[in-house]
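Subject: Structure handover

Hello,

Here is the structure we talked about handing over. Please look at it first, then read the notes below it.

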Amino acid sequence: MLHRMKISWRVWLLIGVLILSLLAISPSFQQGVLIKSVDKTSDYFASGVRAGEIIKQINGENIANVGQYSQVIDNLFNESKEVKIEIKTNKGDYIVLTNSTPEFSVDKVPMTRIQMGLDLIGGARALVQPEANITDSEMNDLVEVARNRFNVYGLSDVNIRVVNDLTGEKYMLVEIAGASPEDLKGLVAQQGKFEGKIANKTVFEGGEKDISDVCRNDAQCSGIRSCQADQSGGYVCQFQFAVYLTQAAAEKHAAATGNLSLDSSGQYLSDKLDLYVDDSLVESLAISVDLKGRATTQISIQGSGSGKTQEEAVKAAKEDMKKLQTILITGSLPYKLKIAKLDTISPILGDEFINLILIAAIGSIVAVGLIVLVRYRKLKASLALLFTSFSEIIIILGIAALVKWNLDLPSIAGILATIGTGVDQQIVILDEARKGIQSSLKEKMKRALFIIVSAYFTSMVAMLPLFWAGAGLFRGFAFTTLIGITAGVLISRPAFSDMIRAIEEKIA
Amino acid sequence: MEQAQTTEHHHNKNWYDKSYRWLLIISAAFLLISLVYLYNFNSTQGDVIYKDVSLTGGTTISVFDKNADITKLGDTLRIEFPDLLIRGISNIRTGGQEGFILETKAEVNDTQTALENYLGYSLTKDNSSIEFTGATLSQGFYQQLISAIIAAFLLMSWVVFLIFSHDKKIKAITTMLVFLGVAIVLSQVSTIKMLSVFAIFVSIIYGLIVCRNTNKEKRNKDYLILLGVFIVSLLVFYLYPQMMLLWLIWAALIGIFIYYSIPSFAVILSAFADIVMTLAVVDFVGMSLSIAGVIAFLMLIGYSVDTDILLTSRLLKDKEGNVNHRLFGAFKTGITMTLTAIAAVGVSLAIIYGFSPTLKQIFTIILIGLLFDIMNTWITNASMLKWYMGVKKLE
């Protein structure tokens, strides 16, 4: 005879929340490469390429991942001549004629909507403190200026927030996931006070007062000009870019050069244009004689980068150039900053880490299931228990995806820990139900509930300090644990007790 | 109230009834040994734990070089960095070395340069991870984590007392004291200060309401006591919120717990013992704790109390059978709970063992804590409860 198991509303609630969580996670298996941001001044932006699109093909070749993408781009652009590049994305086809490599950042297509933390996908994290005591609103201003600096540099995927720790100290926490510049230090901690001085008098400073525009992404007025080997066996590359001064700054330039004499060669003025960043001299440029006394609005900034190979030198020069361009445009940060903590995390082991975590999670669930089976010898109850545990994990992940919580190492530790302790309450329920005594099933469940709710409040209260302690770096653990036990107490465990009731009543 | 008729009184007491007090003494001895060890440790080391570079300040560099000879590298670099620690990263799936991690208190630039010179290539994001924590920040972290643990323990004790005690007036007084303590320990966080003041006000109002319905003489005495505690709390809060007062508050709380609810005291003592014994073991094997390690102790507070609450609930609130029956039933449930937690944490620990030092430390500490929890719940706590129930004739 077939008994139809009546599904109570609590079980429906659990199923409903599960489905919503899966939707929030929205797993997908698309091939290709995701465009994370497009430089608005580039040819590509002009042709219609936008952030969020997924590249499927370039010039007819299928692109399945970032490795293939890099290879195809390198092959196309290995000579510095103009190239026709046909990009096919999931939103459209774009044809661009250009000689500069794509000025957009790419990443692999995410498999889920869960925001992966730095520990899994690599990135950089900095805790920065202003060297003066500043108020909360000044702190917020600092965050805005810093964010602007990152955006101008080309990084839009930056998470900056103010962090108060338990001693009342204020920090700026900067987190950049995925690809990030080798030298995050320069962008974050450098106040970025740029000054151009002639004969020790400041002619122009970084920022919109003196600088009306800076040439970027246009090979004609900015780029790497030459590379050579140097004595120590490495390489040095020179870069150059044009800077457009405002009229006021140009006139200051005229005034400063007007009184200078010529140098020994007769082609340049006796004093050089000294470029200072944060009070240290980075470059001295000779001033050509025909600029003497002229209010010129266009000047050329030069510099260099070095490395052990030519490739490294080119990369270093490009980064230096970009940094200089950025601080010329944005001006200096309002306060001197001190780096209290700086982590650069490689993405290399990230994928393997995810594999290991999945194995650990499945292994734990299986181990727990075996213990439960041995203890209770009831397959149905054990399966119901495993189902409940598993659904709690999905719910945690779903909520994390929904609120865009960064799934970092502490968060994952919290989820793994929940597997072991999540079943505790089910065990209490199961044992209460088994006691062959006089009280009704309802009363037994009430007693179980008392224990469960008490344990819930003690756990909750113990987790709370984690939101502030240690600059909140471990709040992920508190978050996932709290979501886990709350979802447990409100949704999955009441559903489990209904399932048990149905199973027991069928047997009775 | 009907008392369950036990057959116990007519039979000889079994061995457990005769010897549970001895078991309590044994576990108390363990606790004492651990405390003495920690005291000794503190005198020689200056603190209760060995700290790694995330708590003292320093640099950690992970390099994903499968072929590096770790011993040779360590020996060479130790000439310049005598405190250098180096260990391999291994992957249980591939079974091989994925790279190595080194730690030193030195500055990141010096360390990175020396390492690059040895390896012969530059360290970039494609082959390494670099973490650096300044000394001031890390020491600040350590202070805060200690404060967080004290606050969590205070709050946990408060919840336990609320659950298992009966006198409402005393619950109000305890609430005021606990939140005063929390406010002192976490005095720099304004949200917590506001919450604490709010809690103190709510408890005085609750206490006054609850005391309304007794006879006049008792009522006035109760009002006086409540208002006294209230005024003293506020005075201390605003005028003299010093950490030293925390000892006084703890002494007062422990006194209240012992006098009004031994079951609560037993739970809290058992949780305390879990932490102390785990700490002693961790120090004994020479583990250097990172930020994650200290936080693992915070997690332990939550986990260790679950089984104690189960035990106390079953013994005090259930009516069937005699104490030993209930105790044995609770033991079956509780040990299953602890075993599943040990299994889950153990499996996770084994899988990520060589791969993630942070997770390894967290899971190791939780595992040790869970093992001690078995003794502290089912011997320390259980024996104290049984003694209490015998004395109060609750059997």
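In chain B, residues 24 or more positions apart account for 75% of the contacts with a separation of 6 or more. Keep in mind that this is a predicted model. Of the 395 residues of chain B, 46% count as buried. Chain B has 13 helices and 6 strands. Along the principal axes, its C-alpha atoms fill a box of roughly 85 × 60 × 35 Å.

Domains of chain B

The assignment divides chain B into three parts, listed here:
- Domain 1 takes 12-57 + 134-154 + 261-395.
- Domain 2 takes 58-133.
- Domain 3 takes 166-260.

Domain 1 and domain 3 of chain B have C-alpha centres 28 Å apart. Their contact takes 9 residues from domain 1 and 8 residues from domain 3. On the domain 1 side, α5 and α10 (262-284) of chain B are the elements that give two or more residues. That side divides into 6 nonpolar residues, 3 polar and no charged.

A helix pair in chain B

How do the axes of α5(B) and α6(B) cross? Helix α5 spans residues 135-164 of chain B, and helix α6 spans residues 168-185 of chain B. Their axes come within 9 Å and cross at roughly 170°. An angle over 145 degrees counts as roughly antiparallel, so α5(B) is roughly antiparallel to α6(B).

Which residues meet there? From α5(B) come B:Ser147, B:Ile150, B:Ala151, B:Leu154, B:Leu155, B:Trp158, B:Phe161 and B:Leu162. From α6(B) come B:Lys171, B:Thr174, B:Thr175, B:Val178, B:Gly181, B:Val182 and B:Val185. By class, this contact has 10 nonpolar, 4 polar and 1 charged residues.

Where chain A meets chain B

The contact between the chains takes 63 residues from chain A and 68 residues from chain B. On the chain A side, these elements each supply at least two residues: β18 (337-345), α9 (350-376), α11 (409-434) and α12 (441-463). The residues of that side divide into 36 nonpolar, 15 polar and 12 charged.

Strands also pair across the two chains. β18(A) and strand β5 (residues 128-133) of chain B pair in the antiparallel sense over 4 bridges. There, A:Asp343 stands opposite B:Glu131 in β5(B).

Chain A by itself

For chain A, the domain assignment gives four parts, as follows:
- Domain 1 is 9-27 + 348-507.
- Domain 2 is 33-108.
- Domain 3 is 123-188.
- Domain 4 is 192-332.

The C-alpha centres of domain 1 and domain 2 of chain A lie 44 Å apart.

Now the strands of chain A. Strand β2 (residues 54-58) pairs with strand β4 (residues 83-89) in the antiparallel sense, over 3 bridges. The bridge partner of A:Ile55 in β4(A) is A:Thr89. β4(A) is also joined by 6 bridges to strand β5 (residues 93-98) of chain A, and these two run antiparallel. A:Val83 stands opposite A:Thr98 in β5(A). How many residues does the hairpin from β4(A) to β5(A) pass through? The hairpin joins them through 3 residues.

Best wishes

Key. Residues numbered from 1 in each chain as written. Chains lettered and ligands numbered in written order. Predicted model: local features only at pLDDT ≥ 70, side-chain atom pairs only at ≥ 80, totals over all residues. Axes fitted to C-alpha atoms, helices over the stretch in contact; angles between N-to-C directions. Parallel < 35°, antiparallel > 145°, perpendicular 65-115°, else oblique. Contact = placed C-beta atoms within 7 Å. Nonpolar A, V, L, I, M, F, W, Y, C, P; charged D, E, K, R; others polar. Domains from an automatic or database assignment. Pairing = 2+ DSSP bridges. Buried ≥ 20, exposed ≤ 12 C-beta atoms within 10 Å, placed from the backbone.
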